[in-house]
Amino acid sequence: MKRMILLIAVMFLFSLVITGSSFSEDTVTFGIPLPLTGSKAKFGEIEKRSYEIAMEEINAAGGIKGKKVVLVFEDSQGKPEVSRAIVEKLIDVKKQPVIFGEYSSSCSKAIAAVAEERKVPYLVVTGAADNITQQNYKYVFRMNPSVSYYTSGLRSFLKEVVKPKTIAILYESSDFGTKGAEGMVKDAKRLGMKVVLKEKYESGAVDFKPILSKVKSKRPDVIYMVSYVMDAALLMRQIKELRIDAKLFAGGAAGFAIPEFIENAKDASEYVVTATLWSPQVTYPGAKEFAEKYKSRHGKYPSYHGAEAYSALYVIKDVLERAKTWTPEDIRKAMKETNLMTAFGPIKFEDREGYQNQNFMDTLVLQVINGKHETIWPLEYATKKYVYPIPRWRDRR
Amino acid sequence: MDAVQVEVLLQTLIAGILLGGLYALIGIGMTLIMGVMKIINLAHGELMMVAMYLAYWLFVLFNIDPYLSVFIAAPLMFFFGMAIQKYLINPVLKVESILPENQVILTVGIGMVLANLATILFTSDYRSVPVEYASDAWYLSDFWRDSPVELSLSVPWSISFLFAVVITVALWFFLTRTDTGKSIRATAQDMDAAVLMGVNVERMRLITFGLGAALVGAAGCLFIPIYYLYPALGGRFTLIAFVITILGGLGSTVGAIIGGLILGIFESLTATYVGMGWAPVGRFAIFIAALIFLPGGVASILRRQRLGK
């Protein structure tokens, strides 16, 4: 026991010795809170790898104002109280003038409160809960769209191309599915669509045909589904089996936007559209290069979380290069004036619709064309022309 | 009722019957073990998961169709089940313990070990076997041009259902016509009497557990073309098998078949007319209803009928 106490005391002393300003003569050090262990570790890992790729690129190009970037990843275990403690340390002890990182909404929210209190700008990278940027915080900026805007692209696609009158919504009975379905009900009202059916299901169900035959009898123009990947694939396979001919099959990101969906649903996935924040094929400058670099290193394409993290470091670089001095106040001013094109998309922080310092970007719409996800909306970023109207099941080969 | 409603009802019933047939096959395995051993095998779903991984790897490595792997996976599962009985359950049966049902607890443990082993070996990723015919179907309008309603019958679901029927019929013949089958039934009916009649009860137990594992293994292979697999999938099917076993009457094979069909049709009807989110609620409502109003399950009705004659 004594040895234990001694050890802790020594560690304390040691930590006091090595603390001090994070910005020295020729390096600039950022502490980044991320969930590196625990249930969200998978996303923490994707983001960590992406930050590292951005760091190497920036350093190879001469760093930020000639200073080399050093990243220190701090494990928050996905727990808000831990990430809060990490950020308090970064601000109070390391005197880091700008904070960025974290994965989940709950952790981002905890950090945002600390940052606002200490008057240090915080860039939210992936936390998507609406209220993070709705609390009149001055020092909190968010580069990713909030969850209500995840489907903004799909919404405009429906409005301008499909012009549907009725919609059926199927969603899994989780928090994620319920929120997504609620969002779509609101959208439907705005677009003047009638919701003819809104049904939840238990994720992992074997047979969707009963509920799908009910959907079929209502003849909706659009079938909108919020599902994880295996449910998504089963749903589309059974829709094909029942030959349900809606004008459009749409997915709300998640399961529909990843390659495994096509692998599992096969030809039933053809022409299905889905909302997504980002895809490795998108035409934003640097996006493809980043995706390929990530794939060659780690064997798999990154999810949009990776692109967000990768671009976040570029945003920080841009802000620091424009800031007059590297004090929190000047950095905040520079951040507010950001207008940058990144691999994740255009970044600009605006105050509107009840949000503060929120980046409003058009999210993408993907469509499966010839067994591949193609970006079809917004038109200026499209990799292929959308296929609409889609052929009826009977006429498909 | 207009044509559209009739179409929905018929399509729902088709789905329910197909699902029920597969459920029955899962349930029979558990009910057999229940009848002979008097224990609920709570590793049942995990055994199915093991068979599904077998079928999956047979497909990926040797390109063997999941329906063919029924003939490979089921025998392998038979021996696997016998091994579990011989080396894990039998030793526990012999030990005096505080809890009378510690074999049941043992099966929970076996299930956990299997599920976690699968997670370590194969990761927790979802996998599926991308067979060509996965979403093929027959349509009524292709055969009968002016049919007022359009019905579809999925190809893989129908094949799986037919397999389940054939396996069930074969099992029935085995249990009623062969010596071993009769010995198994004798053990299930009255173990002491069976021992006195010279039935090797220990051996019957081995065979029964093997048979139960083989049946659920076959069910696993039949589920592969229509479903997907992941290591934690066992629990959900153990529950389904458990509900069917109770519904059918503990230990009754015919009861399990009827119980499976009832559950399948009931779930489909709930999904269509109440809401799919309610399917799990319906499953347990029927479970509790069976316990309260029909403690002996479907088997007790069958028995009453027979005595009445």
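User: Let me start with one helix: is H11(B) mostly covered or mostly exposed, and how many of its residues are buried?

Analyst: Keeping in mind that this is a predicted model, H11(B) is mostly covered, with 17 of its 21 residues counted as buried.

User: Which residue follows H11(B), and what is its phi?

Analyst: H11(B) is followed by Gly275(B), which has a positive phi, near 145 degrees.

User: Changing topic, how many residues of chain B are in contact with chain A?

Analyst: On the side of chain B there are 27 residues in contact with chain A, and they meet 26 residues of chain A. The elements of chain B that each give two or more residues to this side are the helices H1 (3–37), H11 (253–273) and H12 (279–293), together with the strands S1 (137–139) and S2 (152–154).

User: Which of them gives the largest share?

Analyst: That is H1(B), which supplies seven residues, the largest share of the side of chain B that touches chain A. Sorted by class, this side of chain B holds 15 nonpolar, 10 polar and two charged residues.

User: Now chain A itself: how many helices and strands are there?

Analyst: Chain A has 12 helices and 15 strands. Its radius of gyration is 23 Å, close to the 21 Å that the globule rule gives for 397 residues, so chain A is as compact as a globular protein of that length. Along its principal axes, the C-alpha trace of chain A spans about 75 × 50 × 40 Å, and buried residues make up 49% of its 397 residues.

User: What domains is chain A divided into?

Analyst: Chain A is divided into domain 1, made of 2–147 + 284–359, and domain 2, made of 152–276 + 363–395. Taken over C-alpha atoms, the centres of domain 1 and domain 2 of chain A are separated by 34 Å.

User: How many residues are in contact between domain 1 and domain 2 of chain A?

Analyst: Four residues of domain 1 of chain A are in contact with five residues of domain 2 of chain A. On the side of domain 1 of chain A that touches domain 2, the residues divide into four nonpolar, no polar and no charged.

Definitions and conventions. Residues are numbered from 1 along each chain as its sequence is written. Chains are lettered from A and ligands numbered from 1 in the order in which they are written. This is a predicted model: local features need pLDDT of at least 70, side-chain atom pairs count only at pLDDT 80 or more; totals for chains, interfaces and linings use all residues. Helices (H or I, at least four residues) and strands (E, at least two) are DSSP runs, numbered from the N terminus. The radius of gyration is taken over C-alpha atoms; the globule rule is 2.2 Å times the number of residues to the power 0.38. A residue is buried if 20 or more other C-beta atoms lie within 10 Å of its own, exposed if 12 or fewer, and partly exposed in between; C-beta atoms are placed from the backbone. Two residues are in contact if their C-beta atoms, placed from the backbone, lie within 7 Å. Ala, Val, Leu, Ile, Met, Phe, Trp, Tyr, Cys and Pro count as nonpolar, Asp, Glu, Lys and Arg as charged, and the others, Gly among them, as polar. Domain bounds come from an automatic or database domain assignment.
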